[in-house]
Amino acid sequence: MLKILVVDDENLVRVALRSIIDWEQQGFDFIGTACDGYEAIAMIEKFQPDIVITDLKMPNMDGLQLIKKLKESNYAGKIVVLSNYGELDLVKQALMLGAAEYILKVTIIADDFIAMLNNIGGALASEKEMKIKKLKETIKLKQSITIMKNDFFKYLLNDENGFEYQYIARQIEEAGLPSVLPKSIMFYVFIDNYEEALGSAKFDDRKMLSVSMQKIISEYLSPIPDIHIIDIDHKRLAVIIPLQGFKLIKNTPEKSAGKIHDLLKLYLNIEVSIVVSTEFEGYYGAKSMYSKCIKAIGFKFYSGNGSIISISQEVTDNKLFNEYENELRKIWPLFEENNISEAIESIKTIIGYASMACIEPILLKKDVIRLVEILERKVYNSSLMKGHIFESNKEHICNAETGDQFIELVSELLNSIFALLKTEYKANYRDEIKSIIQFINCNYSKKITINMISKYANLNESYICRLFKNETGKSIMNYINEVRMEKAAALIKGKDMPIKNIACQVGIDDQFYFNKVFRKYFGVSPTDFRNSKKSSNINCH
């Protein structure tokens, strides 16, 4: 329904125009009248009429002045001029200023007036349709150009593609890019723990998440002209920023990267790591720098997720590298001693040296995995473990994004290996020993004596004690306590239960004695074990 506003200083004319037509029945919304140009402008701003019917001669602001004001403000509607005899010159001026039609007040006929307004309405609809069509074409063209630019940069930055100058130059021209990239900085934005991030992000659609990231980055960098945001894939973006642009946002590249990190965390609830390149120039410079960024993002292995990593000319410190190798040599003897906890601590120390010595994480991973593979050969020689079990873990270990993830995965694998070795060792026990071990594992929560075991196995007490020691390397009572302490440790870590109750559950009524035995096996009291953040890394000796 078209909205109509009438502007005339004569009340009689205003009343006549309101009443000679049943506006609503004819499909119009008569929003009101104004007595001069000033009042009309206020109503136009408020109601946004489609057609303004205005007199030419009015006090304060006349019709011609009103038309000028409306055209200056890019009024989208149409203007119809009301005139009297003898005002032909004024009508011509009004038409030249942009009025759509004119009508003599004394010759207004309702049907003709309605027909004229309908024609104007049709013209408005056609113009609106044309504007929408042009807008869609413009958007489509911009999208096409954006896609073309993105495809070009993805091709350029891909290491698998060479740098054929003539082809690159042709693509640059077709994409409407400058012939030479100015001195620039590159941001390499990487979504940490992508699948987890996608689940916690405010957008669960991969494409929408990437588009949202680009919008946030683009908005922050909007004062800088000629930035290029390249959608590498669903979890990586590259951003090329003219070096001089950082003066416009009054920030260093590193602080700007930190700001982008914070904005993405705030608005999308995702954690990203960002590599900030050194200065480069030209398209070949961009290609070379991108390769350095890919290499540099790996160093978040040491610094953790959410890192801002600056590319610099790092030189490996020979002294630290030697410390790294010396620590690496310590691991195998610890494996031989079945000392997992110290081996893990040693690996943590190695990670620290590797970080300071700027050793690529992939090399560190290979060094540690090589040692684990040697250990695994002991298991492969048994019937308990096949190679594919390790292979299923190997990929996860190699792909660990951070040192913490790497330690966790290696710890799990080592525990699995040593558990299997222990099982293999037990598998070679005599049947009598297997039976005793089964009895202890089933009855550790009760009081167990040598006499009870002797009766269960139907063997002499002295013989049982000697046989058990020879087979397992431990006395029966030490083995019982070991089982009880392992079970107690699991309960302490897994349940918020009083220590006294836990002691009873593993067959020890005397809490003082329980505490003494627990400290012997774990080196700390049960309470300290529970409170320690490192309790998961403490193992029974």
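This is a predicted model: local features need pLDDT of at least 70, side-chain atom pairs count only at pLDDT 80 or more; totals for chains, interfaces and linings use all residues.
**View 1. Helix α10 over residues 253-268.** Helix α10 comprises 16 residues, and the distance from its first C-alpha to its last is 22 Å, close to the 22 Å expected at 1.5 Å a residue. Just after the helix, Asn269 adopts a positive phi of about 60 degrees.

**View 2. The buried residues of α10 and the elements they pack against.** Pro253, Ser256, Ala257, Gly258, Ile260, His261, Leu263, Leu264 and Leu268 are the buried residues of this helix. An α-helix has 3.6 residues a turn, so residues three or four places apart point the same way. The packing partners of the buried residues of α10 are the strands β6 (184-191), β9 (272-276) and β10 (308-310), together with the helices α8 (206-220) and α9 (245-248).

**View 3. Strand β9, covered on both faces.** Of the 5 residues in β9, 5 are buried, and the strand is accordingly described as mostly covered. Val272, Ile274 and Val276 lie on one side, while Ser273 and Val275 lie on the other, and all of these residues are buried.

**View 4. The pairing of β9 with β6 and with β10.** Strands β6 and β9 run antiparallel and are joined by 5 bridges, whereas β9 and β10 pair in the parallel sense over 3 bridges. Val275 of β9 is the bridge partner of Tyr188, and Val275 also stands opposite Ile309 in β10. Val275 is itself buried, on the side of β9 that includes Ser273.

Note on methods:
Residues are numbered from 1 along each chain as its sequence is written. Side-chain values use heavy atoms; hydrogens and water are left out. Helices (H or I, at least four residues) and strands (E, at least two) are DSSP runs, numbered from the N terminus. The expected span of a helix is 1.5 Å times one less than its number of residues. Buried means under 20% relative accessible area, exposed over 50%, partly exposed in between (1.4 Å probe, protein chains only). Contact means heavy atoms within 4.5 Å. Two strands pair if DSSP finds at least two bridges between them.
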